[in-house]
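Have the structure open and follow along.

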Amino acid sequence: MASEFHERQRRLANALLHLNASAYIAEPGASAQYFGNISTASWKLSERPLLLIITPRLVNDSQVEAKVSILTPRFEATRAKTLPIPFEGVEYIEWREEESPYEIAVSALSIEGTVYLDDAARLFVFNGFQKSLPHAEVAPLPAKIKEIRQRKSNAEIELLKCANEATLLAIRAVHKKMKLGMKESEVSKMLSVALQAAGLDDGGCLTLFGENAALPHGSGSDRALGKSDFALFDCVGHLHGYFSDVTRTVALPQTRIPDENRAIWGDVLFAQTVASRVAVAGAITQDVDASARTFLELTGRGAYFTHRLGHGIGLEGHEEPYLRGGSLDVIQTGHTFSNEPGIYIEGKVGVRLEDCFYIDGNGQSIFLTEGVGGQALSPWDP
């Protein structure tokens, strides 16, 4: 896996050089985890910044290498040096409590040109570098650098497949054990146990029965499952930091779903299928959202699809780019998204179906759940 990190660092260094930038800086979090294996689990954020700094280094006329540095409080330097950073020759830059960490970093690395600060960096870090670099630009990430993390490698896609497949299998296992009269909280606990048993970390499910599902993020009540109710499960977990996100709206064998609600379920499934066919390399993200929305408008229920179609997924559950109106991002190979149309009629019914997908080498969208059957077949066969 070290080679995966080295390739990411090399690509970042090349992008920085191409953009005539002197450094990329990130706090512990998804981006620092991506480039340097430093997550907020391994280093908690505080008022004392620890920063991952990557600078480009020209080895010869055609070869660019990354230089990886860690800015650390001096009293934390020993602990910082135990971080499992996949890079030979990491430089540790220490700053004392009475010093400006930003001035120390600028001086130690001879930073002069544009500095790109990760989008998740806190404002005081931005302000600190801006003050320490009065004659240089401290800027948010340009698209060329964002694209590096947005477009997943084959290894990342395999992790995402495993996480999403395990999540769907957990949903199916719990669905078979459910009974009428169970409370939302009871089934939610069953799902959490199933996700953990499937090997996922921090797994959990938003669990909504009947009309509660008409509020996409829930009502706060603890409804018992009735004989005419759908049950909606929106489940997440992660595997080695990579997230799953799967939603199913299900019914039990003894459930008697009203015909109109069954028709809504079918329309949502068809909208998801339409969007998956439009989501190919070269498509514009807003057009994918529009494809599902246009179909649901034809059914007369378009006004009840009240949120975006999807979001990027990877080391964060929700990340750029997004499938929504007004988004002009171009879909490319390696992109990963959720595809989650829904119909929400308050006081009556809510239906959402969600499978995440990736864009393969042929430019086609493939569901990350494809290995265990992919999309739901019916409310009784998720």
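Before we start, one cut-off: a residue counts as exposed when its relative accessible area is over 50%, and as buried when that area is under 20%. Keep in mind, too, that this is a predicted model.

With that in hand, is His240 buried or exposed? His240 has 61% relative accessibility, so it counts as exposed. You'll find His240 in the loop between β8 (231–239) and β9 (242–250). Its backbone deserves a look as well: phi of His240 is near 50°, a positive value in a residue that isn't glycine.

Asp202 sits in strand β7 (residues 201–209), rather than in a loop. Because its relative accessibility is 65%, Asp202 counts as exposed.

Next up is a peptide bond. Which form does the bond from Glu320 to Pro321 take? That bond is cis, with omega near -5°. Pro321 itself belongs to strand β11 (residues 319–323).

Finally, take a look at strand β12, residues 336–339. In a regular strand, side chains alternate between the two faces of the sheet. Here, Thr336 and Ser338 lie on one side of β12, Phe337 and Asn339 lie on the other, and all of them are buried, so both faces of the strand are covered. As for its partner, β12 runs antiparallel to strand β15 (residues 355–359), and four bridges join the two. To find your place in that pairing, look at Ser338, which stands opposite Cys356 in β15.

Technical notes:
Residues are numbered from 1 along each chain as its sequence is written. This is a predicted model: local features need pLDDT of at least 70, side-chain atom pairs count only at pLDDT 80 or more; totals for chains, interfaces and linings use all residues. Side-chain values use heavy atoms; hydrogens and water are left out. Buried means under 20% relative accessible area, exposed over 50%, partly exposed in between (1.4 Å probe, protein chains only). Two strands pair if DSSP finds at least two bridges between them.
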